[in-house]
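The following report concerns a single protein chain. It treats one element in detail and then turns to the chain as a whole and to selected residues.

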Amino acid sequence: MAYTATVIPVMIASPGDVAEERQVIREMIHEWNDINSARSKVMLTPIGWETHTSPELGVRPQKLINQRLLVDCDLLIGVFWTRLGLSLIHISEPTRLRCIS
C-alpha cells in the first residue's frame with residue numbers, strides 16, 4: 001500500500017579506498033527502510049559521490065560534490081581507512097571539508 005514519508009538524504013562521505021564499506025552502508029540503509037519506513041513514515045536515501053555525480057569540464061570534483069550533493073543532505077556518514085581524501089590545490093583534505101561544511 002502506498003504511504004507518504006519524509007525522505008532524508010544521507011551523504012556517505014569517504015575517500016576512494018573504502019568502496020566495500022560504502023556498499024555495506026547502502027545495504028544497511030535499505031534494510032532500515034525495509035523494516036522501519038512504513039511504520040515511521042521516514043525513508044533514508046543514501047547519497048554518494050560515485051553514484052550521484054558525473055565529471056564536468058572546468059569544475060573541480062569536490063566543488064561539484066559540494067554544490068550538487070552535500071548542500072541537500074540532512075545526515076552525513078563518514079567512513080575512513082587509510083586516506084582522508086585526495087589533495088587539491090587549496091584544500092588538502094576534501095573529505096574533511098565535507099565533514100566540517
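Helix 1 comprises 22 residues (residues 19-40), which at 1.5 Å a residue should span 32 Å; its end C-alpha atoms lie 29 Å apart, in agreement with that expectation. The expected span is 1.5 Å times one less than the number of residues in the helix. Helices (H or I, at least four residues) and strands (E, at least two) are DSSP runs, numbered from the N terminus. This is a predicted model, in which local features need pLDDT of at least 70 and side-chain atom pairs count only at pLDDT 80 or more, whereas totals for chains, interfaces and linings use all residues. Residues are numbered from 1 along each chain as its sequence is written, and side-chain values use heavy atoms, with hydrogens and water left out.

Helix 1 contains a kink of about 45°, centred on Asp34. The bend at a residue is the angle between axes fitted to the seven residues ending there and the seven starting there. The buried residues of helix 1 are Arg22, Ile25, Arg26, Ile29, Asn33, Asn36 and Ser37. Here, buried means under 20% relative accessible area, exposed over 50%, and partly exposed in between (1.4 Å probe, protein chains only). These buried residues pack against strand 1 (6-13), strand 2 (42-48), helix 2 (49-52) and strand 3 (75-78).

Arg26, in helix 1, touches Ile12, Pro46, Gly48, Glu50 and Thr51, not counting residues up to four places away in sequence; contact means heavy atoms within 4.5 Å. Asn33 also belongs to helix 1 and is in contact with Val42, Met43 and Leu44, leaving aside its neighbours within four places in sequence. The C-alpha atoms of Asn33 and Met43 are separated by 5.8 Å, although these residues are ten apart along the chain.

Lys41 follows helix 1 and lies in the loop between helix 1 and strand 2. Its phi is near 60°, a positive value in a residue other than glycine. Most residues other than glycine have a negative phi.

The chain as a whole has four helices and three strands, arranged along the sequence in the pattern β-α-β-α-α-β-α. Of its 101 residues, 29% count as buried. Among contacts between residues at least 6 apart in sequence, 68% join residues at least 24 apart. The chain exposes about 6,800 Å², of which carbon and sulfur atoms supply 59%; accessible areas come from the Shrake-Rupley method with a 1.4 Å probe, and for residues only the protein chains shown count as cover.

Trp81 is located in the loop between strand 3 and helix 4 (94-100). Leaving aside neighbours within four places in sequence, Trp81 is in contact with Asp17 and Val18. The C-alpha atoms of Trp81 and Ser14, 67 residues apart along the chain, are separated by 8.9 Å.

Tyr3 lies in the segment before strand 1.

The relative accessible areas of the residues discussed are listed below.

| Residue | Relative accessible area | Class |
|---|---|---|
| Asn33 | 5% | buried |
| Arg26 | 9% | buried |
| Tyr3 | 37% | partly exposed |
| Lys41 | 39% | partly exposed |
| Trp81 | 68% | exposed |
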